[in-house]
Amino acid sequence: MDRKHFLKSALLTTGSLLLGSAAIYRYLGDRGTTDTPLPQAIDKIQDGNMKKVLVVMSAGTKCGNTDRLTDAYIKGLVERGHSVTKVYLGSMRIEGCRGCGVCQRLAHQCAIKDGMQDIYPLFAECDTIVMASPLYFWTITSRLKSFIERLYAISTDDKYPKKDAVLLMTAGDDEDATFEQPVRYFRLLNQALGWNEAGVYCAGDCTGCEKLAREIGKEHLENAYKMGLAL
């Protein structure tokens, strides 16, 4: 092989190795910090002597921005003395509502037998429901939407159990209208279901999965912690 072809081959090989190393680093980094192992579906964090709080985290990754924001909020709840149960929707199989109406004819039992069967009793006994979601296509995740849809099974004449409700969100954007749609939906939901809005926190300007590391501003974590402490 002449010198020219040798150098070309060496450069191609080196470039492939560097690219491969970056891809492997990202894969292992993501696997080690977010995707594997999947967090347990239901984590009973604390049995306190104040409010019973059900936290529904709908991001698909553990230790990502939404999960970290949620845990900062939970830290405040724990220090306050609340009972806290955290549900990872990303570790469960939950379908959307089929609109079959079986639940309204058969003692409010949903016809779909999936992860929601484990959540229904937790929801029934909680005083406060905390819904945490990254911004996906200008709204909440499909996982969280499915959870909300399936609450129809426990309604009676379109009436729902009274709850305090909190919304936690993250996004890469940080514009005036970034969280407009999901916050509007959250408030409409509270009005329709008869819930009381107990807090909204939206953390913008986060670094998402497009980068090697997910990052969220420390000020967001501190603010979420104070919100949890104030509940």
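Reader: Where is F179 found?

Author: This is a predicted model. In it, F179 sits in the loop between β5 and α6.

Reader: Why is F179 called buried?

Author: Its relative accessibility is 9%. Buried means under 20%. F179 therefore counts as buried.

Reader: Which residues does F179 touch, leaving out those up to four places away in sequence?

Author: F179 touches M169, T170, A171, C202, A203 and G204. Contact here means heavy atoms within 4.5 Å. As for Y201, its C-alpha atom is separated from that of F179 by 9.9 Å. The two residues are 22 apart along the chain.

Reader: How is the chain built overall?

Author: Its secondary structure comes to 7 helices and 6 strands. From the N terminus on, the order is α-β-β-α-β-α-α-β-α-β-α-β-α. The chain has 231 residues, and 41% of them count as buried. It exposes about 12900 Å², with 55% supplied by carbon and sulfur atoms.

Reader: What share of contacts joins residues at least 24 apart?

Author: The share is 78%, among contacts between residues at least 6 apart in sequence.

Reader: What makes D67 and K86 a salt bridge?

Author: The N to O distance between their side chains is 2.5 Å. The cut-off is 4 Å. The pair falls within the cut-off, so the name applies.

Reader: Why does the D67 and K86 pair tie parts together?

Author: D67 lies in helix α2, residues 65–80, and K86 in strand β3, residues 83–88. The pair therefore ties together parts that are 19 residues apart in sequence.

Reader: How do you know whether D67 and K86 are buried or exposed?

Author: D67 has 1% relative accessibility. K86 has 1% as well. Buried means under 20%. So D67 counts as buried, and so does K86.

Reader: How many salt bridges does a search of the whole structure find?

Author: It finds 9. One of them joins R93 and E95, at 3.2 Å from N to O.

Reader: Why is E95 called partly exposed?

Author: E95 has a relative accessible area of 28%. Buried means under 20% and exposed means over 50%. The value lies in between, so E95 is partly exposed.

Reader: What makes R150 and D114 a salt bridge?

Author: Their closest N and O atoms are 2.8 Å apart. That meets the 4 Å limit. The pair links distant parts of the chain, 36 residues apart. R150 is in helix α5, residues 142–150, and D114 is in the loop between α3 and α4.

Reader: Why are R150 and D114 both called buried?

Author: R150 has a relative accessible area of 2%. D114 has 10% relative accessibility. The threshold is under 20%. Both therefore count as buried.

Reader: Which other residues of α5 are buried along with R150?

Author: L144, S146, F147 and I148 are. The buried residues of α5 pack against β2, α4, β4 and α6.

Reader: What makes the nonpolar surface patch?

Author: Y136, F137 and W138 make it, over about 440 Å². F137 has its place in the loop between β4 and α5.

Reader: Why is F137 called exposed?

Author: Its relative accessible area is 73%. Exposed means over 50%. F137 is therefore exposed.

Reader: Which residues gather in the patch of negative charge?

Author: They are D173, D174, E175, D176, D205 and E219. D174 lies in the loop between β5 and α6.

Reader: How do you know that D174 is exposed?

Author: D174 has a relative accessible area of 52%.

Reader: What makes phi of A107 worth a remark?

Author: Phi of A107 is near 55 degrees, a positive value in a residue other than glycine. Most residues other than glycine have a negative phi. A107 is found in the loop between α3 and α4. With a relative accessible area of 61%, A107 is exposed.

Reader: What is phi of D157, and where is D157 found?

Author: D157 has a positive phi of about 55 degrees, although it is not a glycine. D157 is found in the loop between α5 and β5. Its relative accessible area is 68%. Exposed means over 50%, so D157 is exposed.

Key. Residues are numbered from 1 along each chain as its sequence is written. This is a predicted model: local features need pLDDT of at least 70, side-chain atom pairs count only at pLDDT 80 or more; totals for chains, interfaces and linings use all residues. Side-chain values use heavy atoms; hydrogens and water are left out. Patches are made of residues with over 30% relative accessible area and no salt bridge: like charges are joined within 9 Å, nonpolar side chains (Val, Leu, Ile, Met, Phe, Trp, Tyr) within 5 Å. Accessible areas come from the Shrake-Rupley method with a 1.4 Å probe; for residues, only the protein chains shown count as cover. Lys and Arg count as positive and Asp and Glu as negative; His and the chain ends are not counted. The place of a charge is taken as NZ of Lys, CZ of Arg, CG of Asp or CD of Glu. Helices (H or I, at least four residues) and strands (E, at least two) are DSSP runs, numbered from the N terminus. Buried means under 20% relative accessible area, exposed over 50%, partly exposed in between (1.4 Å probe, protein chains only).
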